[in-house]
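Q: Hey, I've just opened this one and I'm new to it. Can you walk me through a few parts?

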Amino acid sequence: MKIYGSYTSPFVRHCRIVLLQTKLACEFIETNFVQSAQLSPTKKVPMLVDGDLTLTDSSSIINYLRQKAGGNFFQDIKDFDLFCLADTLLDTTVNIFLLRTMDNIQIADSKYLQRQSERVLSGLGALNKLDLSTELPLKDGFLRLACFLDWALYRDLIDISKLSNLTKFLALAKTDSDFVSTAPPAL
């Protein structure tokens, strides 16, 4: 089994955490932006290849890895909904980041990006009001949230300093050895 990805991708990070948790043998192949466009039909990472099976989205990869290890991706609808909310905000911040870094389009320059920025702020506010996990190990919805928050802070896209519930939650995630060992390299 091989997984293609980058060390900075929050989607890949979630897959790498699941691989550590499940102890499944998998070769990690570092892939950059250009290579991912050539390898994957979605032109993004992660991509998992296991024999004749190729998966091109982190959600299907995580589901596959959990099932392969004899577990379940989601144990309840609340965890799945949290995953979806965090994933929506993560996709949104990735788009903002890429438009800013690749095309030099700033939020103030685009009504679309202004709406996306408002989506992130609104979503962060909603997340901060939730009952967030206070113990490890984190279920996948919480893992996706932690990967999103840590990446968005790493890329300086959000500020959660006034969102005490999210700040406490991320501090908890940073006590998980699998979360810590998959952190992106320092900028």
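Predicted model: local features only at pLDDT ≥ 70, side-chain atom pairs only at ≥ 80, totals over all residues.

Q: Okay, in what order do the strands of the open sheet come?
A: The order is β2-β1-β3-β4, with 4 strands and mixed pairing. Strands are DSSP E runs of at least two residues, helices are H or I runs of at least four, and both are numbered from the N terminus. Two strands pair if DSSP finds at least two bridges between them.

Q: Which ones are the edge strands?
A: β2 (27-30) and β4 (53-55), as each pairs on one side only.

Q: And how do β3 and β4 run?
A: Antiparallel, with 3 bridges joining β3 (residues 47-50) to β4. L48, for one, has L55 in β4 as its bridge partner.

Q: Which helix packs on the sheet?
A: Helix α3 (residues 58-68), which touches β1 (2-5), β3 and β4. The direction of α3 makes about 40 degrees with that of β3. For such angles, axes are lines fitted to C-alpha atoms, for helices over the stretch in contact, and angles run from 0 to 180 degrees between N-to-C directions.

Q: Switching topic: where is V12, and is V12 buried or exposed?
A: V12 is in helix α1 (residues 10-22), and at 0% relative accessibility V12 counts as buried. Buried means under 20% relative accessible area, exposed over 50%, partly exposed in between (1.4 Å probe, protein chains only).

Q: What is V12 in contact with?
A: Leaving aside neighbours within four places in sequence, V12 is in contact with G5, S6, F28, V45 and P46. Contact here means heavy atoms within 4.5 Å.

Q: What about D87, which side chain does D87 join in a polar contact?
A: That of R144, at 2.4 Å. A polar contact is a pair of N or O atoms within 3.5 Å; within protein, one must be able to donate a hydrogen and the other to accept it, and residues adjacent in sequence count only if both atoms are side-chain atoms. D87 is found in helix α4 (residues 77-103) and counts as buried at 17% relative accessibility.

Q: Last one: how many residues of α6 are buried?
A: 14 of the 15, so α6 is largely enclosed by the rest of the structure. Just after α6, D156 takes a positive phi of about 55 degrees.

Notes:
Residues numbered from 1 in each chain as written. Heavy atoms only, no water.
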